Amino acid sequence: MNVSRGLFRAWILVSVLWIIVGGSVIAYKIVAPATIWGSYQPWLTDEEAGLPPRAEQKQLSRSFSPIRDVRADMVHIQMPDGSKLYMPASLSEAVRTRIAEQFWDQRWGRWGQAAATVSLWAFVPCLLLFIFGYSLLWVGRGFMRAQ
């Protein structure tokens with residue numbers, strides 16, 4: 001009877017099931033609603049907020065943050081991937097369109113972040129289980145008689 005071969009095969013089976021079932025649940029129930037399909041708001045420049053503009057705010061990339069409380073004076077734009085972008089209604093239509101285009105252009109970054117999170121949750125437990133099982137085999141081999 002080869003215990004190490006049996007444990008290795010059991011590890012492969014458990015790991016594949018964990019990656020398929022656990023990864024799917026984590027992806028669609030935990031990560032995707034907040035990261036991909038979530039509600040966001042843009043960080044406005046001083047000029048968009050009605051303040052005198054600063055030279056250092058001429059940025060190429062705009063930041064977006066998850067929104068917790070939606071105020072009544074905000075409009076939302078529904079994106080094709082299911083996410084929502086909330087902006088103050090005081091912004092002009094041209095500015096809102098430009099911000100929405102910047103948000104849509106950054107969607108692959110949000111998808112990449114979600115994929116990285118799901119990958120960590122799916123593969124790290126499998127690796128830890130392998131290390132634990134291999135260490136148990138190593139300890140068990142220490143008690144065997146020399147031949």
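Modeller: A pocket is an open set of points on a 1 Å grid over the protein atoms alone, where a 1.4 Å probe fits, with protein on both sides within 12 Å along at least five of seven lines; lining residues have an atom within 4 Å of a point. This is a predicted model, with local features needing pLDDT of at least 70 and side-chain atom pairs 80 or more, while totals for chains, interfaces and linings use all residues. Numbering runs from 1 along each chain as its sequence is written, and side-chain values use heavy atoms, without hydrogens and water.

Biologist: OK, which residues lie nearest the centre of the largest pocket?

Modeller: That pocket holds about 250 Å³ of space. Its lining counts 13 residues. Closest to the centre you'll find Leu7, Phe8, Trp11, Gly133 and Tyr134.

Biologist: How do H1 and H3 run, parallel or antiparallel?

Modeller: H1 (residues 3-35) packs on H3 (residues 107-142) with axes 9 Å apart, at about 155 degrees. Over 145 degrees counts as roughly antiparallel, so H1 against H3 is roughly antiparallel.

Biologist: What kind of pair do Phe8 and Phe130 make?

Modeller: Phe8 sits in H1 and Phe130 in H3, 122 residues apart in the chain. Rings pair if their centres lie within 6.5 Å, and planes under 30 degrees apart are stacked, over 60 edge-to-face, the rest tilted. Here the centres are 6.5 Å apart and the planes at 75 degrees, so the pair is edge-to-face.

Definitions and conventions
Axes fitted to C-alpha atoms, helices over the stretch in contact; angles between N-to-C directions. Helix = DSSP H or I, 4+ residues; strand = E, 2+ residues; numbered from the N terminus. Parallel < 35°, antiparallel > 145°, perpendicular 65-115°, else oblique. Points joined across faces, edges and corners; volume = space filled by probe spheres on them. Phe/Tyr/Trp six-rings, centres within 6.5 Å; stacked < 30°, edge-to-face > 60°.
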